[in-house]
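Q: Could you take a close look at the aromatic side chains here and walk me through how they pair up and what sits over their rings?

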Amino acid sequence: MTTRFANILLPLPLPVTFTYRVPFDFNDSIKVGTRVLVPFGKNKLYAGLVMEIHTNPPAFATVKYIIDIIDIEPIITRKQLEFWKWLAHYYLCYQGEVMAAAMPSGLKLAGETLIILHPYFDGDISSLTERELKIAEALSYRQRMTVAETQKVVDIQKVFPVIKSLVEKKVILTSEEIKNPYHTKKETCIFLHDNYLNDEPALFELLDRLSAFKKTEKQSQVLLAFLMLKKDENGVKKAELLKKSECSASSLQTLINNNILVQKEIQKSRLHDIQAVNDINDINLSEIQQKSFLQIKELFQQFSVVLLHGITGSGKTEIYMKMIEEVLAQGKQVLYLLPEIALTSQIVSRLQKFFGNRVGVYHSRFNEFERVEIWNRVLKHNEEDLQKYSLILGARSALLLPYQNLGLIIVDEEHDASYKQQDPAPRYHARDAAIVLGKLHRAFVLLGTATPSLESYYNVKQGKYGLVELFQRYAESQLPEIWIENIPEARKQKKMEGHFSHFLVDNMTAALNRKEQIILFQNRRGYAVRMYCNSCQTMPNCIHCDVTLTYHKKSNLMKCHYCGYAIAAPSHCPHCQSMDIEMKGFGTEKIEETLAQLFPDAKVARMDLDTTRSKTSYQRIITDFEKRRTDILVGTQMVTKGLDFDRVSVVGILEADNLLTFPDFRAFERAFQIMAQVSGRSGRKEIPGKVIIQTYQPWHSALKYVIGNNYGAMYENQIEERKKFRYPPVYRLIKIAVKHNSLELVNNAAAEIALALQKQFPKQVLGPEFPLIERLQSQYVKEIWVKFAKNSVLEKKKEELQKLLLQFQTQSKFKQVRVVVNVDS
């Protein structure tokens with residue numbers, strides 16, 4: 001009867017785990033990685049994770065007991081726990097925040113407040129208000145109610161003041177109940193009764209007998225429909241059977257009552273399995289692809305990380321697939337990371353053709369129950385289970401799944417900024433975290449891109465990563481011609497049609513006449529960027545953020561793209577009532593409308609956040625373009641990343657200056673990457689491609705590097721600047737954002753933090769300063785930047801920084817101030 005204790009991790013932003021005593025009855029069943037139910041605070045219950053089991057009693061006198069064990073077997077792995085610890089340590093956040101981000105909400109047990117009648121309530125209702133009386137009456141014939149049920153009874157949203165009043169009057173008590181939101185999906189299916197299972201003559205005799213009488217004619221229809229639909233031992237769905245037979249449920253129920261058919265609840269997966277239709281040996285690598293494939297394998301003998309720098313259209317995906325096949329053959333798992341959900345739909349269909357139901361997809365568009373099922377299939381990798389995933393594709397959240405035996409991690413489009421998580425914590429970079437996860441599993445990591453991040457290329461130059469270069473397009477297709485269109489010059493010569501130069505329109509017309517396709521890129525969604533009054537020179541602004549509202553014509557709303565605030569588009573100036581107003585700037589919605597006027601016979605589709613909110617919308621838009629049901633695809637950055645279309649001959653970048661002039665030290669690098677990537681969508685097969693970049697700065701050096709496809713020169717140019725001004729990848733950069741709805745409090749808090757940092761880290765601190773948008777979602781923001789050299793004392797400095805911020809947050813006057821730390825921002 002050993003007295004055991006367990007360190008429990010709770011999904012809360014707290015710096016420590018909590019020690020609970022293990023009841024003797026649980027000594028043999030409790031395991032690291034299982035969920036347990038524990039009390040926390042005065043009256044809260046939480047589902048926590050067992051991090052460690054030991055016999056060391058804590059120093060404090062009273063230790064609470066674990067209430068219950070939720071899982072029989074661990075739902076996370078020990079390597080996963082190690083990975084969580086690293087994420088929390090490196091990105092200066094708490095393990096509870098990592099747990100909250102990693103676990104699907106379907107695995108988080110939710111506490112629910114219940115209300116019940118007070119056992120000493122004597123029935124005196126003289127002091128109760130009308131709403132309080134309604135609740136008391138409802139509880140007199142119901143044992144208990146949830147808050148949601150109570151809201152319906154009194155028909156108001158803010159019901160807590162009423163509940164609080166009833167508690168004070170000792171009419172009711174409240175309690176917390178833990179509720180498990182996840183449940184398995186079940187389907188009602190119909191089977192043949194054992195009486196007729198192996199007796200076909202008796203079955204057909206019964207069918208003849210039922211059809212002979214009008215009274216039982218409907219039953220014979222149901223039975224005949226069942227026999228027509230039945231294909232295997234899995235039965236027939238009840239809904240399908242009733243639809244096919246065109247009969248009522250009562251006719252079916254009669255057959256069930258007479259022991260002819262049987263009704264069962266069958267557990268069904270929410271996921272759809274697809275069988276492989278192609279053999280991986282059908283992929284024939286070109287000579288240069290095969291050379292690159294062998295180089296990667298050779299470099300993996302020396303480096304755990306290899307960068308595949310292959311130009312757009314060079315066939316990197318085929319090399320990935322060959323690598324995947326080798327790793328899966330060893331019985332290991334593969335993680336294939338992509339920066340955008342939009343990319344997964346096209347690559348998934350390609351991989352499923354070769355790897356079938358071994359392929360799992362994981363991203364935020366799946367509902368909470370689907371994510372639990374995917375989680376479980378990844379966890380089952382070492383079991384002899386047909387429903388297990390060996391190859392996982394997903395956006396950055398797929399990194400947090402419970403892998404058992406990773407052999408390879410592929411980070412496609414590794415340069416992409418979408419790999420960096422911004423909110424909430426942990427604010428991790430999926431590419432960098434993938435390298436650490438690979439080390440924990442002793443797995444190889446393959447980074448692939450046409451435009452490497454400066455960070456990855458710098459690591460190659462420092463001898464940390466291997467490098468394989470693939471500078472020839474697949475099937476000998478040629479890189480597209482790139483043309484720069486000078487907008488001021490075109491306007492002067494009256495060669496602009498709205499936001500389209502005549503040169504771009506002429507090339508689009510020629511492409512459409514040849515039955516080829518076009519992609520247009522504009523890095524703004526909506527119809528117009530702002531509404532401007534020519535009389536008083538004002539613009540409608542968001543009431544919560546310091547930004548102008550963007551006009552969306554389809555919904556006729558002015559919207560804030562940061563907080564979602566929206567108003568109906570005014571017909572006159574809200575400030576001076578003048579009718580002299582106009583829309584300035586243009587977004588993807590305006591382009592879509594203009595194209596309908598310029599090319600009335602062309603089918604135009606738009607791909608931006610507004611058109612891709614549903615789970616299947618990406619797939620639908622991409623499939624329509626792939627099947628050539630769409631002629632012109634207009635989009636934001638979604639259209640720049642890794643998509644592969646055969647018939648695209650013209651790509652237009654309508655306003656490159658949005659990228660070139662953004663106030664960020666990475667703007668030059670990202671402008672080059674985005675323009676090179678979107679250019680690469682053109683001329684990928686036998687059709688030659690043309691890229692037309694419209695700009696107000698035709699002399700900009702980033703454009704020269706794009707035209708020459710000269711990544712090396714761009715890298716040398718930028719790395720010199722980064723060294724000179726001490727920016728990543730040469731230095732480590734940490735951003736500290738101070739947030740509150742009081743401007744005075746933000747100013748005072750930021751000044752105090754900055755002063756403490758400057759004392760601790762002299763000449764390494766920038767700020768405090770307001771960012772580009774100084775108020776977001778009703779909160780003022782001030783930023784402080786800390787630059788650390790990459791040396792042996794870096795980790796120590798980060799610990800000092802975290803300690804300093806913890807001390808700041810203990811000050812009562814700054815208790816309400818939110819401090820957000822973003823490492824490698």
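A: Happy to! Keep in mind that this is a predicted model.

Searching the whole structure turns up 19 aromatic pairs. One of them joins Phe 625 and Phe 645: the ring centres are 4.8 Å apart and the planes stand at 85°, so this pair is edge-to-face. Phe 625 belongs to helix α20 (residues 617–626), while Phe 645 is in the loop between β29 (632–635) and β30 (648–653), so the pair ties together parts that are 20 residues apart in sequence. Phe 625 has a relative accessibility of 1% and counts as buried, because the cut-off is under 20%. Phe 645 is buried too, with a relative accessible area of 2%.

Next come Phe 672 and Tyr 711, whose pair is tilted, with 6.2 Å from centre to centre and 50° between the planes. Here two helices are involved: Phe 672 lies in α22 (residues 667–679) and Tyr 711 in α24 (residues 711–725), so the pair ties together parts that are 39 residues apart in sequence. Both Phe 672 and Tyr 711 are buried.

Finally, have a look at Phe 83, Trp 86, Tyr 90 and Tyr 91, which ring pairs link into a cluster.

Key: Residues numbered from 1 in each chain as written. Predicted model: local features only at pLDDT ≥ 70, side-chain atom pairs only at ≥ 80, totals over all residues. Heavy atoms only, no water. Phe/Tyr/Trp six-rings, centres within 6.5 Å; stacked < 30°, edge-to-face > 60°. Helix = DSSP H or I, 4+ residues; strand = E, 2+ residues; numbered from the N terminus. Buried < 20%, exposed > 50% of the residue type's maximum accessible area, 1.4 Å probe, protein only.
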